[in-house]
Amino acid sequence: MASNQKESYIVDRYKLWDRWKPANYSYKHVKGARIAQILEDTGGVAPLTLELGVGPGGVASEVSRHGAKVIGIDLSPDALALAKRYCARYNVNLMRASGFALPFVDRSLDLVYASQVLHLFDAVGRLALLKEAHRVLKPGGRFVFDMKNITSHPARYWTSKKEKRERNFPPTSQIMALLKNSGYSSVVTRPGVLPLYKAPRVPNLWLFRLLSHTTFFIAVRP
Ligand SMILES: C[S@@+](CC[C@H](N)C(=O)[O-])C[C@H]1O[C@@H](n2cnc3c(N)ncnc32)[C@H](O)[C@@H]1O
């Protein structure tokens, strides 16, 4: 697949949102609480926060409960329609826009995050997305995103074709190199949600980073 995947591919892929059931939202609230905790631990939840690839809004709604007004952008009208219904009682604004061309001026935001989005692109696409987030961040602003861990997705890892495997599970060294090339200065990692464990606080230990569903990267624009 081309590096900057065609927007129509993404829109088609995320037409299947009727799979979204209360259980999905329940997991996304756990994840949103974990993200809010990571944000608090690494500089705070900014009053105005952008979620890139908001999907049906489960994560954004929870992050908004931690003091942020969340602007959620997504390419998929189906995802946005679900998010519009789901986020109606939360402090979340929704917009149809691409992460490759964010509708914000340079250096205008303190915080951008993306939950389960960067695995959709290969290294070239990821670099473009990282640069675009970097463009809209103020100096000192953070881009926070996660990548899947193999230990939590073994079947997907071992049954995927090489190209998909490389896209979904890039080595941490690749992500670190891309972050450096797109201009971020300091980068730290944190474990995401642990299997069967719903509390938002997860110790930042090697074992937990290995076992968690995803690993978060917190990158600062100098
Ligand atoms: C796996 S879903 C994650 C949704 C949500 N962040 C969550 O964790 O529940 C990925 C989302 O990213 C959106 N997306 C993919 N590429 C995008 C792009 N270039 N710009 C904006 N949104 C995009 C998809 O439409 C989809 O809603």
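**Close-up views of a predicted model**

**View 1. Helices H5 and H8 meet at an angle.** Helix H8 (residues 172–181) packs against H5 at an angle of about 45°, and their axes are 9 Å apart. Axes here are lines fitted to C-alpha atoms, for helices over the stretch in contact, with angles from 0 to 180 degrees between N-to-C directions. Helices (H or I, at least four residues) and strands (E, at least two) are DSSP runs, numbered from the N terminus.

This is a predicted model: local features need pLDDT of at least 70, side-chain atom pairs count only at pLDDT 80 or more, and totals for chains, interfaces and linings use all residues. Residues are numbered from 1 along each chain as its sequence is written.

**View 2. The residues where H5 and H8 touch.** Look for Ala123, Arg126, Leu127 and Leu130 in H5, which meet Gln174, Leu178, Leu179 and Asn181 in H8. Contact means C-beta atoms, placed from the backbone, within 7 Å.

**View 3. An open sheet of seven strands.** The strands follow the order S3-S2-S1-S4-S5-S7-S6, with mixed pairing. Strand S3 (92–96) and strand S6 (187–191) are the edge strands, each pairing on one side only. Neighbouring strands are turned by 20° against each other on average, direction ignored. Two strands pair if DSSP finds at least two bridges between them.

**View 4. Strands S1 and S2 side by side.** Strand S1 (residues 48–52) pairs with S2 in the parallel sense over five bridges. Threonine 49 has valine 70 in S2 as its bridge partner.

**View 5. Around the ligand.** Among the 20 residues around the ligand, Gly53, Gly55, Ser76, Gly99 and Ser115 come nearest. A residue counts as near if its C-beta atom, placed from the backbone, lies within 6 Å. Helix H3 (58–64) and strand S2 (69–74) each supply at least two residues of this shell.

Technical notes
Contact = placed C-beta atoms within 7 Å.
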